[in-house]
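Subject: Structure handover

Hi,

Here is the structure I promised to pass on. My notes on it follow below, and I hope they are handy when you open the file.

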Amino acid sequence: MAAQKTQAIVIRTFPLQEFHKIITFYTPDFGKVKAVAYGVKSPKSRLGGSLELLNHGTLLFQHRENRELQNITDFNLIDGFDAIRSDFTRITYGCYFAELVDSIASEGIASPEIFNLLHTTYQFLVQTDDVPLLARGFEIKFLDCAGYGPELSRCVHCGSAVKGGTTGKFGIVFSVRYGGVFCGECENRDGAAFTIAPGSCELLKVLRRSEWERFNRIRASTRNHQELKHLLGNFIEHHTERKLKSIRFIENVL
Ligand SMILES: [Zn+2]
C-alpha cells in the first residue's frame with residue numbers, strides 16, 4: 001500500500017449506505033481511480049462539499065494494486081467550475097462529458113491527454129458561444145485520445161483518399177461499423193452506412209485539430225450540427241454498447 005498524490009476530476013459519484021459514497025476520479029497519473037469516501041455524507045465530514053461531480057482537486061489516496069476500490073485520504077479542491085454550475089445547459093453537458101469518459105476510459109491506464117482534454121474542456125465550457133459544437137469537439141478529441149477516432153480522409157475498406165466536394169458527389173458515406181468513410185467504389189459495403197455532406201466531414205476534421213480558443217470563430221450550419229450529432233452519437237453508442245443516461249437527458253430536456 002502506497003500513499004499517492006495526483007490531480008483528479010470527479011467524474012462519477014454513487015451513494016454507498018447512509019453516509020458513504022463511491023467516487024470515480026479521472027487522474028493524469030493513474031487514469032480512472034475508483035475510491036470509497038467514508039462518512040462523506042455526515043455533517044461532520046471535512047470532505048463533504050469537495051467531492052461533487054466535475055470538481056477538480058488534488059487527491060491523496062492509499063493505492064492498493066489489483067483492488068477495485070481505493071481509500072481516499074484527502075481531496076483539496078482547486079476548481080469547482082462554479083460558472084458551469086450556474087448554467088443549466090452547461091452543467092448538463094459537463095455531466096455528459098464526465099459520463100462519456102467514465103464509460104469508455106479503462107481503469108488503471110494513465111492518460112494525461114484525456115485528463116488535460118477534460119480539464120481544458122471544462123475551462124472553455126464557461127465561455128463557449130455554441131455548447132453543442134463544443135460537445136462535438138469534445139467527442140471527436142476524446143475518441144482520438146482513447147484510440148477510437150474515426151477515419152475521415154481515407155476509405156476504411158481500400159485505403160484510397162476520400163475527398164469531399166471535389167469529386168462532384170453530393171455526400172460522403174460513413175460507416176459506424178467500419179469506423180470511418182468509404183470511397184465511391186466501396187460505399188455499398190455496409191447497408192447501415194449513411195451519407196453526410198462533404199462540408200460536415202470537413203468541419204469534423206476542423207473540430208478534431210482546432211484548439212478550444214478557435215472554437216468561437218468556427219461556424220456550423222443546422223445541417224452540420226444535425227449530421228455530426230448523428231454521426232458521433234451513433235459512433236459512441238457503438239463503442240459504449242448503450243445509450244448514455246446524460247445523452248438521453250440532453251435529447252429530452254434541452
Ligand atoms: Zn474504397
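First, a definition: with C-beta atoms placed from the backbone, a residue is buried if 20 or more other C-beta atoms lie within 10 Å of its own, exposed if 12 or fewer, and partly exposed in between. Glutamate 202 counts as partly exposed because it has 16 C-beta neighbours inside 10 Å. Glutamate 202 sits in helix H5 (residues 198–209); helices here are DSSP runs of H or I with at least four residues, strands are E runs of at least two, and both are numbered from the N terminus. Serine 153 is 49 residues from glutamate 202 along the chain, yet their C-alpha atoms are separated by 9.4 Å.

Two notes on the source. Residues are numbered from 1 along each chain as its sequence is written. This is a predicted model, in which local features need pLDDT of at least 70 and side-chain atom pairs count only at pLDDT 80 or more, while totals for chains, interfaces and linings use all residues.

Now the overall picture. The protein chain has 7 helices and 8 strands. Its radius of gyration is 20 Å, close to the 18 Å that the globule rule gives for 254 residues, so the chain is as compact as a globular protein of that length. (The radius is taken over C-alpha atoms, and the rule is 2.2 Å times the number of residues to the power 0.38.) Of the 254 residues, 33% are buried.

The chain is divided into domain 1 (1–80) and domain 2 (82–254), with bounds from an automatic or database domain assignment. Their centres, taken over C-alpha atoms, are separated by 29 Å. The contact between them takes 16 residues from domain 1 and 20 residues from domain 2, where contact means C-beta atoms, placed from the backbone, within 7 Å. On the domain 1 side, strands E1 (2–16), E2 (20–27) and E3 (31–37) each give two or more residues.

What about the core? The largest nonpolar core has 63 residues, and Phe25, Tyr26, Val101, Ile114, Leu118 and Val181 have the most contacts inside it. Such a core is a set of buried Ala, Val, Leu, Ile, Met, Phe, Trp, Tyr and Cys residues joined through C-beta atoms within 7 Å. Helix H4 (residues 131–146) supplies the largest share, 8 residues, and each domain gives the core at least three residues.

Best wishes

Technical notes:
Two residues are in contact if their C-beta atoms, placed from the backbone, lie within 7 Å.
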